[in-house]
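Thanks, everyone. Please bring the model up on your screens, and we will walk through it.

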Amino acid sequence: MYSFEPTDEQKIIVDAARKLAVKEFRTRMSDADEKSEPASEWMQAGWELGLLQASIPESYGGYGEHSALTSALATEELAWGDLSATLALTAPNLIALPILHCGTEEQKKEMLPHFCGDSYVYGSAALMEPRLDFDPNALQTTATKKDGKYILSGAKCNVPFAAESEWILAYASCEGKCQGFLLPKGIPGLIVKEREKNMGMRAFPMYAVELQECIVDARQRLGGDAGCDYQLLLNSSRTALSAMAVGVARAAYEFALDYAKNRKAFGEMIAQRQSIAFMLSDMITDIEAARMMVWEAAWRLDEKKDATHEAYLALNFAGDMSVMAADRAVQILGGYGYIRDFPVELYLRNARGFGVMEGIAIA
Amino acid sequence: MICFENSDWIKKQQEYAESIAREMIRPQARYYDEYEHEIPWDFANYIWKTARHKLDSLRPDSDIPGERFMLQVHTNEMMGWGDLGLYLCLPWQALGGNFIRVIGTEEQKQLLMKKFHNAKPTWVCMALTEAHCGSDSSAIRMRAVQDGDSWVLNGEKLFVTTAQMSLVESDGLLVVWATTDPSAGIKGIKAFIVEANTPGVKITKLEKKLGLRASDTAVVIFEDCRIPLKNLLGGPSSTGFKGAMATFDSARPAAAAAGVGVARAVIDFLKEELARNGTKIRYGVPRRLLSAMERDIIDMEAQLRATWLLLLKSAWLIDQGKPNTLESSMCKAKAGEIITRIAQKGIELMGSLGYSRELLLEKWMRDGKVIDLFEGTGQINRLVIARRILGYSSKELK
């Protein structure tokens with residue numbers, strides 16, 4: 001039977017995420033964007049929230065059970081605070097959750113406890129490739145098996161914290177499928193190149209990475225010889241990015257709504273004009289709709305049902321929606337919307353990323 | 001606990017509704033479009049004799065705690081998928097009946113039940129719009145004057161859906177809105193129940209429409225039409241129009257659901273045709289690598305799902321007894337927009353074949369447009385949304 005009511009536990013987590021977003025994310029987002037560096041408080045204070053630790057079972061050092069839905073609810077709230085902060089805080093998910101979902105028992109036992117400690121541990125994944133025809137279903141980075149090892153070659157981009165991460169989960173085409181490989185920091189052949197300069201998400205360091213005949217042990221393949229359920233990871237990533245898109249759009253919407261109610265022109269508040277009011281109507285309608293699509297995809301993930309279609313449609317819709325909402329917010333603020341003293345131009349720069357990047361977040 | 005799955009009961013009802021839509025409705029859709037104003041008796045008789053006893057959403061008495069409205073939107077969607085025109089011809093309570101069921105007195109509810117047990121198909125319609133006012137319902141001029149033991153109704157109503165079937169073709173009911181005191185504005189507006197065959201009420205015109213041709217839309221005039229005092233909807237303590245607005249909150253998702261059904265019909269049809277043509281839709285591929293055709297179909301599906309989920313949330317709120325004015329207007333505005341866009345685009349994708357009356361695409365475009373017009377136009381619903389989110393009154397945001 002359909003229900004749209006989160007559990008009490010989920011409400012508590014959302015509330016805690018919101019507090020963090022208000023206290024640590026909102027207050028530092030502009031400064032971090034200008035400096036193109038994440039605030040250290042994001043990871044420190046954020047880690048205490050325990051979202052990842054609560055997703056990992058006790059047997060692997062954590063104290064809970066993973067729920068894509070709970071994660072999506074919290075993620076929307078965090079991204080409402082700031083997108084770069086959310087991406088930075090949840091970057092360790094990029095390696096920990098795929099291991100949790102698809103890793104061998106050995107991989108789980110070895111790796112997961114690292115992400116359950118008292119302090120933030122850098123972790124990342126390399127999925128995107130710097131090509132016009134990039135398709136996550138047909139990676140050009142290859143993993144070739146030779147003498148019981150895999151040799152990885154190819155170019156990657158948009159790799160979060162590539163320089164800082166203790167491990168990077170690199171995705172490559174292997175025996176006709178897309179598969180993941182756990183690369184420890186400093187492994188020969190893993191070349192971290194220059195820090196990328198992107199339109200938005202500026203406080204979230206991403207790097208270009210080159211894999212030059214990087215040789216990894218067979219036991220470093222995610223899921224061992226059986227490999228991983230790549231589609232599941234893609235679906236989880238799309239759901240997480242969609243949840244973030246909803247958060248960013250809601251932040252833009254709320255700012256524009258507040259502005260429109262306080263900005264006077266021609267003797268009345270601009271929100272009292274239908275041309276402004278209707279933009280706000282369309283924004284909130286699509287935000288709410290996108291949220292429902294995120295919830296549905298996340299619910300399916302938790303129910304172990306195939307979420308491929310739902311997650312793909314959710315990201316398509318939420319990606320467009322967030323650009324629309326952020327653009328409308330800039331429009332409502334007029335010239336002020338274009339000035340970096342106000343956050344809506346940042347929301348627009350951030351929102352544009354959702355439809356063009358995959359695999360930079362997972363929840 | 002968030003859940004995106006129907007109960008077994010709704011799944012079963014939905015299956016039955018689908019069989020009606022597929023076997024009884026869709027095959028007759030074109031005929032009744034071409035022969036406007038012909039009454040689809042076969043369909044009506046089948047619904048009355050058989051479906052009425054099996055499809056719980058048709059029953060005015062069905063007391064289904066928790067999921068009544070969820071069932072309603074699911075069956076409406078299925079009927080709309082079959083055909084929007086014939087959906088409106090379903091012999092059942094419709095909007096007028098819903099008002100009686102929700103705000104009627106015990107005696108009035110019994111009258112509704114009595115009609116439901118008629119041997120022949122029976123309809124219940126509602127008259128609100130007048131020539132000079134559509135969306136601005138508070139400006140209605142039709143008069144209701146108390147005279148001894150009756151109310152006397154005088155005036156003219158437009159766009160009364162199934163008036164012919166309610167008043168002429170069956171022993172049905174009409175719910176009409178009139179002012180008891182023009183100086184009192186919206187406070188003076190009340191609803192009244194008029195039975196078929198009451199002297200003084202007559203149909204003067206059946207409209208010829210862009211779509212929905214299977215369903216009659218009539219002009220009804222009232223000339224010294226006398227009805228008993230007890231036919232004041234909700235009784236003497238009735239809160240009138242303001243109190244009734246809440247019922248529109250449920251009418252909007254109900255109408256939107258039928259529209260979503262039409263949109264799904266378009267998409268289902270396009271996908272079948274593309275598959276027959278050997279054109280694959282590559283889901284999961286980044287959009288910039290897709291063909292224009294693939295992008296359009298995928299975008300349609302995303303919009304459809306977005307609208308449907310908004311609508312389900314609104315329905316769920318009704319079933320939970322929670323306020324849903326905002327959500328109802330959201331799903332209605334969105335449904336009107338997407339069915340219009342999807343059906344228009346659907347014809348484009350099929351080229352001149354889509355324009356042909358041999359197929360149903362052009363009909364779906366004509367039929368679907370009404371979703372953006374009735375139960376509040378897209379603009380009225382945006383106003384409702386905007387006032388809610390901004391905390392503005394109708395004076396502050398006109």
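Does E23(B) count as buried or exposed? E23(B) counts as exposed, because it has 12 C-beta neighbours inside 10 Å. The cut-offs: a residue is buried if 20 or more other C-beta atoms lie within 10 Å of its own, exposed if 12 or fewer, and partly exposed in between, with C-beta atoms placed from the backbone. E23(B) sits in helix 1 of chain B, residues 8-25. Helices here are DSSP runs of H or I with at least four residues, strands are runs of E with at least two, and both are numbered from the N terminus. G82(B) is 59 residues away from E23(B) along the chain, yet their C-alpha atoms are separated by 8.8 Å.

Two housekeeping points. This is a predicted model, where local features need pLDDT of at least 70, side-chain atom pairs count only at pLDDT 80 or more, and totals for chains, interfaces and linings use all residues. Residues are numbered from 1 along each chain as its sequence is written, while chains are lettered from A and ligands numbered from 1 in the order in which they are written.

Now the core. A nonpolar core is a set of buried Ala, Val, Leu, Ile, Met, Phe, Trp, Tyr and Cys residues joined through C-beta atoms within 7 Å. The largest one has 262 residues. Which residues have the most contacts inside it? They are L280(A), M293(A) and F192(B). Helix 7 of chain A supplies the largest share of this core, 18 residues.

Stay with M293(A). Two residues are in contact if their C-beta atoms, placed from the backbone, lie within 7 Å. Leaving aside neighbours within four places in sequence, M293(A) touches S242(A), E310(A), L313(A), A314(A), F317(A) and A318(A) in chain A, plus R305(B), A306(B) and L309(B) in chain B.

On to the contact between the chains. Chain A gives 35 residues and chain B gives 37. On the chain A side, helix 7 (230-262), helix 8 (274-302) and helix 9 are the elements that give two or more residues. Helix 8 of chain A gives the most, with 14 residues. By class, that side of chain A has 20 nonpolar, 9 polar and 6 charged residues. For the classes, Ala, Val, Leu, Ile, Met, Phe, Trp, Tyr, Cys and Pro count as nonpolar, Asp, Glu, Lys and Arg as charged, and the others, Gly among them, as polar.

How do helix 8 and helix 9 of chain A run relative to each other? Their axes come within 9 Å and cross at roughly 155°. That makes helix 8 of chain A roughly antiparallel to helix 9 of chain A. Axes are lines fitted to C-alpha atoms, for helices over the stretch in contact, and angles run from 0 to 180 degrees between N-to-C directions. Under 35 degrees is roughly parallel, over 145 roughly antiparallel, 65 to 115 roughly perpendicular, and the rest oblique. The residues of this contact between helix 8 and helix 9 of chain A divide into 17 nonpolar, 1 polar and 5 charged.

Helix 9 of chain A, residues 308-333, also packs against helix 10 of chain A, residues 344-351, at about 160° with axes 8 Å apart. That pair is roughly antiparallel too.

One residue in helix 9 of chain A to click on is A325(A). A325(A) counts as buried because it has 31 C-beta neighbours inside 10 Å. R250(A) is 75 residues from A325(A) in sequence but 8.0 Å away in space, C-alpha to C-alpha. Beyond four places in sequence, the contacts of A325(A) are A249(A), A252(A), Y253(A), M283(A), D286(A) and I287(A).

Last, the backbone. Most residues other than glycine have a negative phi. Which way does F161(A) go? Its phi is positive, near 45°. F161(A) is in the loop between strand 3 (149-160) and strand 4 (167-174) of chain A, and F161(A) is buried, with 22 other C-beta atoms within 10 Å. H37(B) also has a positive phi, about 75°, and is not a glycine. H37(B) lies between helix 2 (29-34) and helix 3 (41-54) of chain B, in the loop. With 14 C-beta neighbours inside 10 Å, H37(B) counts as partly exposed.
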